[in-house]
Amino acid sequence: MGSTSSTLAKIPNAEDLMQETGFTPAHLVRLYDRFKVLDKDKKGFLTPQDFVAIKELAMNPICDRIIGAFFTSGGETLDFPSFVRILAHFRPIDKNRPKEPTSPDPINSRSNKLKFAFQLYDQDKDGKISRHELLQVLRAMLEKQVTEEQLESIADRTIQEADLDRDDAISFEEFRKSLEKVNIDHKMSIRFLR
Amino acid sequence: APVMWYSLRVRVKGRTLSGSEGSPSTNVTSNSSTTITTLPIVTWKWHHVETPYLVALWVLVCWLCKLLAQLNARLKSFFPESGLLIICGFILGGIVWGADKAQTFKLEPRNFFYFLLPQIILDTGYFMPNKLFFSNLGAILVHAVIGTCWNAGAVGVSLWGCYLGGAMGDLNIGLLQFLLFGSLLAAVDPVAVIAVFEEVHVNEVLFIWVFGESLLNDGVTVVLYNVFDAFVSLGGSKINAGEIIKGIVSFFVVSFGGSLIGVAFAIIISLLTKYTGKVQIIEAGFIFVLGYLSYLTAEMLSLSAILSVTFCGVCCQKYVNANMDEKSVTAVRYAMKVFANGSETMIFVFLGVTAIDNVIWVWNTGFICLTILFAIVYRFIGVFTLTWMLNRYRLVPIEVIDQLVMSYGGLRGAVAYGLAASLDETRIKEKNLIISTTLIVVYFTVVIQGLTMKPLVKWLKVKRVEPTELKLIAKVNNRACEHILAAMEDIAGHYISISDLIFDTYITWFLMKPEARKNKDYLFSIFHKLNLEDAVNYVAEGEKRGSLAFLRNGDRTNVDFDKKFGMEFSGVMPDITSELDYGIDNVPMTSIRRDSIPSVSLDIHEQDMKDMNEDFNAHHLLQQHLYRSRKNHRHKYSRSDFKINQSEDEVQEIFQRTMRSRLESFKSAKMGVSPAKKITKHPKPSQKMSNGKSTDTSKSYPYGDEDFEFSEVDSAYSGDAAAAGGSSPMRAPPYTVGAGIENPAFMPEMDTPPPPWLTEVETDTSVAPSQRAQRQLPWSPTNLQRLTPLRISNRSTDSFVMADVPAAQDSPEEPPEDGSQQDGTHM
């Protein structure tokens, strides 16, 4: 890893990226190095196969969805800015950020974090988590020994608890409401450096 | 027998006895040329075997006590086992006392420190979850050093203050002695802590903090103890700034010196196991001998022996596990557990036995009560203060509940007693008082605090959870978020500096066998190559050749594979998980803290939680069956549980599922193009198909051998078995036999939807698969999860030939685990 400034110079649009995502130069450089490590064939972009090659991911029950979250709309290439933008969701919330009503939410705001999570469930992007989608998530996250009936009853119960407008699906607002007591900052932030 | 006891005065376990301590009369009897008048056919030779006999007898008795303690399940569920053992010790001590009117079998400090303690510490070091340990090392050190010093000082000074105030009556004791007492009582004991925490499941951060603290504080305790002991000898007048500075310096020397010795021995062990391939039968023994030597060496140099043996275990585990043969690794693990458990049992029993002795008991109510009070109170203060400080640097703060558990879990144990018993009574007149008090404190913490820990946690958790009962979707999301975060951390990589990388690479080169180094990555890289592009190549090849009967090439690289991953799944999966632990790529280094959300959980509690019907079911089901994320209980250390609980099974399951879904998706993507054979063999010589998911320990796929499996596959697809289209011998005669058992895991429809990126591309999976494609996958790695051994035999290659032979399909047993050359594994 070269010195921060020299590597920083290699990253195109570094300034804009930092502005947009809130990462510091050190963060950005580290992520850039990581990007290059993942990009084994030096293509300049990442493909799903590069993600698949990360061993630990295979141990994750929802790894496929997570990888899919990086490659939205069926694309097979992921450039560095997009890579960083997704990861920016997981920056800890800046508690000291001044509230400017006009500027858009930073990527790592509570609302955007929730949206990210929501999109993992809502695969068809219709703004709702349907029963079918919920079933799929549950199936992925529950042990093999859970039977179909149990799965379905859990799914039904889940929707029943959260669904306020009785459309048999969980919209983003209902999702957000169900999670209002949860400290999303704690649950969806990681440290990138140190 | 009592007569003999009187005359012999055997000390506990008599191992240290040279034998000549026996009474003169007996010796004389045995040595003297007694006149015998006739040939004795049988003689009573008690004196010959006495020492080892008593030792063995006591060991047996202690272990029988452990058996007793396990008998009553109800009792066991709320009373900590250590407490039960102490009570057994009381009873035994009572018996001995009744016979002898003196306690002939006490827990001698020497025996304790030299024969009982080392293996326990070695066990904890060897099974320490390294990644967790090192990433929390800072916090652990803070608690161990600052916390212990605070405890020692505060307790000592307070007691002295009370003494001056007259609360304890007349004692021949001074400030220094109080400080000495404080220091020996300050240390939280690892043995006791583990024993209690095993029953209360806490989150891993909390666990490692208390656990790590209990191990590392020995460095402080030893120093403080020795320093104050020396000060007491010197006398108060000679203590000046110079001596105090020396005391501080000695702290560093003792701790770091001890740790370095441990590391040195770890290096020796690792190097040794690199070359012990030829003596596999005893290579396991080296660990124990060298571990013990590290303890003794540090002790010899008056450094911290506990730290030494801890770091020996901690540092050598990775290399030893990689270098040694699979069976040796298992042997070491089992043996460690036996020794550690055995010793722990004996310690607790003897703690009980020792109490039944009127010589040592000096009851001073004020002293005892105040000690207990101060010990607890200062522990709480210390923990809360330090945690408050540490929380400011944490992403997710440690909650009050966890701090409470941590404070309450500060148990004292046998180490404190051992130190107390080693006091010099000529210098410390009140030695008996100290011993008595220490024993009381130990009993109190182990029994009372151990007993109440679970209910306390339960009560706290209930209080905490009740008002904020989460909806199901929130719980699901919580767990999903944990998975997401783990994934993001993996994707973003764990921060590691160049120097660490170089260091680690060099060390690995030095300490690890070359084959072992290769194999670490081998497994997963194999698997990775199975995906996608290689699948295409393989299939193309297959089509070209018209047969899928690829010959295995006897590449030498496989032999090690065989040896390494021959039998047990434990040899396979942990390689990947051990990668997580301290692997090479993506080395999780100290910098990353997966600051987990604190959650003290209790299995029992969850069951009592709700009694509403539906709610109960759904919430409960969720609680029980969600896959755990990496941060939850993944690295639980357990004294008695040999397997690192079911998280390994879960990992296996998840891994299999993931791979299966990937291959399924690949298949669906390529359906129309070519038969998506799951690759089992790769034509490239360097590639040996094997897959990571060898043994599925869950017996839900009881397939005996490949043939059966093969037929199973066929039935699952129920394709046109006959309409082969190719000359492939794989076209199987109808396997009716195998058709019986449905393998739900291998249903054509995926249990997870194809990865999104593929879905988008290949929306139309309704393409009728070619007949070739229909006839399916013989040796997909997913199938192979059911094969128990991951064998690559050098023998017959063509499993398809075998396929015609109707093998023993009905007996779904796992093939003998001896790695014998059975049918080739086509993986």
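**Figure 1. Chain B is built from helices.** In this predicted model, chain B has 33 helices and 0 strands. Buried residues account for 59% of its 827 residues. Take the contacts in chain B between residues at least 6 apart in sequence: 86% of them join residues at least 24 apart.

Figure 2. If you follow chain A along its sequence, you read the pattern α-α-α-α-α-α-α-β-α-α-β-α-α. This chain has 194 residues, and 56% of them count as buried. Among its contacts with a separation of 6 or more, 54% come from residues 24 or more positions apart. Chain A exposes about 8,700 Å², and 52% of that is supplied by carbon and sulfur atoms.

**Figure 3. Let's look at the stretches of chain A that carry a UniProt label.** An unreviewed UniProt entry places the feature "domain: EF-hand" at residues 26-61, 109-144 and 150-185 of chain A. What are the helix and strand percentages over residues 26-61 of chain A? That stretch is 50% helix and 0% strand, and its end C-alpha atoms sit 31 Å apart. Over residues 109-144 of chain A, you get 64% helix and 8% strand, with 35 Å between the end C-alpha atoms.

Figure 4. You'll find S178(A) in helix α10 of chain A, which covers residues 172-178. Is S178(A) buried or exposed? S178(A) counts as buried because its relative accessibility is 8%, under the 20% cut-off. Leaving out residues up to four places away in sequence, S178(A) touches A162(A) as well as K471(B), I473(B) and A474(B).

**Figure 5. E213(B) is a buried residue in a helix.** E213(B) belongs to helix α11 of chain B, residues 204-234. With a relative accessible area of 2%, E213(B) is buried. Which residues does E213(B) contact, leaving aside neighbours within four places in sequence? They are I140(B), H143(B), A144(B), V188(B), I208(B), R379(B) and M406(B). Now compare sequence with space: E213(B) and T148(B) are 65 residues apart in sequence, while their C-alpha atoms are 9.1 Å apart.

**Figure 6. A nonpolar patch shows up on the surface of chain B.** The patch is formed by V49(B), Y53(B), L57(B), L60(B), L64(B) and L67(B). Together they have about 540 Å² of accessible area. Zoom in on V49(B), which is found in helix α3 of chain B, residues 46-71. V49(B) has a relative accessible area of 36%, so it is partly exposed.

Figure 7. How many disulfides does the structure hold over all chains? The count is 0. For C65(B), the closest cysteine sulfur is in C88(B), 4.1 Å away, which is too far for a bond, because a disulfide needs the two sulfur atoms within 2.5 Å. C316(B) is in no disulfide either, and the nearest cysteine sulfur, in C312(B), is 5.0 Å away. As for burial, C65(B) counts as buried at 6% relative accessibility, and C316(B) is buried too, with a relative accessible area of 1%.

Methods:
Residues are numbered from 1 along each chain as its sequence is written. Chains are lettered from A and ligands numbered from 1 in the order in which they are written. This is a predicted model: local features need pLDDT of at least 70, side-chain atom pairs count only at pLDDT 80 or more; totals for chains, interfaces and linings use all residues. Side-chain values use heavy atoms; hydrogens and water are left out. Buried means under 20% relative accessible area, exposed over 50%, partly exposed in between (1.4 Å probe, protein chains only). Patches are made of residues with over 30% relative accessible area and no salt bridge: like charges are joined within 9 Å, nonpolar side chains (Val, Leu, Ile, Met, Phe, Trp, Tyr) within 5 Å. Accessible areas come from the Shrake-Rupley method with a 1.4 Å probe; for residues, only the protein chains shown count as cover. A salt bridge is a side-chain nitrogen of Lys or Arg within 4 Å of a carboxyl oxygen of Asp or Glu. Helices (H or I, at least four residues) and strands (E, at least two) are DSSP runs, numbered from the N terminus. Contact means heavy atoms within 4.5 Å. UniProt positions are given in the numbering used here, feature names are shortened, and annotations may be inferred rather than shown by experiment.
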